[in-house]
Amino acid sequence: MPKGIRLVYTDEMVEFLHAHKTMLREEMTALFNKKFGTNISRRTLNAKCERIGALTGRTGQIEKGSTPWNLGKTGYMGANATSFKKGNRPHNWRPVGYERITKDGYIAVKIADPNVFELKHRHVWQQAHGPVPKGHVIVFKNTNKQDCRIENLEIITRGELARLNQSYKHQKQTKRALLWQRSNTAYTNLKKEKRDGY
């Protein structure tokens with residue numbers, strides 16, 4: 001049948017489509033073209049089948065009561081050529097002790113496998129003095145976030161940190177700002193005690 005000429009489906013053709021509706025569309029198209037001497041595409045034949053209701057009955061869903069393809073298998077899929085071999089490490093694996101810089105400029109150190117990191121200044125403090133108490137933070141005396149020497153670290157309360165952050169823009173060194181803030185807090189507490197009559 002020449003291109004551009006519209007095919008008029010006969011009753012026999014429509015009956016054929018209904019009789020063979022469960023076939024794969026590729027096979028049905030080849031059989032239809034051979035039987036009726038036509039040259040239509042699978043897409044065209046599929047559209048005609050949809051229009052006349054000659055549907056395959058397949059929905060693409062798993063039917064109730066059917067056996068799953070992975071029944072009795074462990075894991076999602078078995079090993080294949082691209083699976084990791086036992087004992088292999090990925091290319092981005094790093095040993096314990098590896099250090100990296102965070103986006104905030106702090107040093108993070110790997111403390112355990114597979115991928116446990118902690119801020120280095122906290123880790124150094126905890127190695128020397130034990131866990132950081134609740135409500136406390138570690139600050140750098142010289143304001144350098146990457147200077148994690150124990151003598152450069154100091155523990156302060158979150159309240160002191162809030163005051164420190166308020167006065168920090170006027171101070172060049174954390175140590176001086178902290179001393180100023182602590183003396184200010186002590187003075188405020190003395191005034192409060194005097195007022196309360198202690």
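Trainee: How many residues in the lining of the second largest pocket are nonpolar, polar and charged?

Mentor: In this predicted model, five are nonpolar, two polar and three charged. Ala, Val, Leu, Ile, Met, Phe, Trp, Tyr, Cys and Pro count as nonpolar, Asp, Glu, Lys and Arg as charged, and the others, Gly among them, as polar. The lining consists of P90, N92, W93, R94, Y98, R100, K110, P114, N115 and F117.

Trainee: What makes it a pocket and not a cavity?

Mentor: On a 1 Å grid over the protein atoms alone, a cavity is a set of points where a 1.4 Å probe fits but cannot get out, whereas a pocket is an open set with protein on both sides within 12 Å along at least five of seven lines; lining residues have an atom within 4 Å of a point. The volume here is about 150 Å³, meaning the space filled by probe spheres set on the points, which are joined across faces, edges and corners.

Trainee: Why are β1 and β3 called edge strands?

Mentor: The open sheet has the order β1-β2-β3. Strands β1 (99-101) and β3 (116-119) each pair on one side only.

Trainee: Where is confidence lowest and where is it highest?

Mentor: pLDDT is the predictor's confidence in each residue, from 0 to 100. Helix α6 (residues 174-196) is lowest, at a mean of 71, and β2 highest, at 94. The chain averages 83, with 84% of the residues at 70 or above.

Trainee: How were the residues numbered and selected?

Mentor: Residues are numbered from 1 along each chain as its sequence is written. Local features need pLDDT of at least 70, side-chain atom pairs count only at pLDDT 80 or more, and totals for chains, interfaces and linings use all residues, while side-chain values use heavy atoms, leaving out hydrogens and water.

Conventions
Two strands pair if DSSP finds at least two bridges between them. Helices (H or I, at least four residues) and strands (E, at least two) are DSSP runs, numbered from the N terminus.
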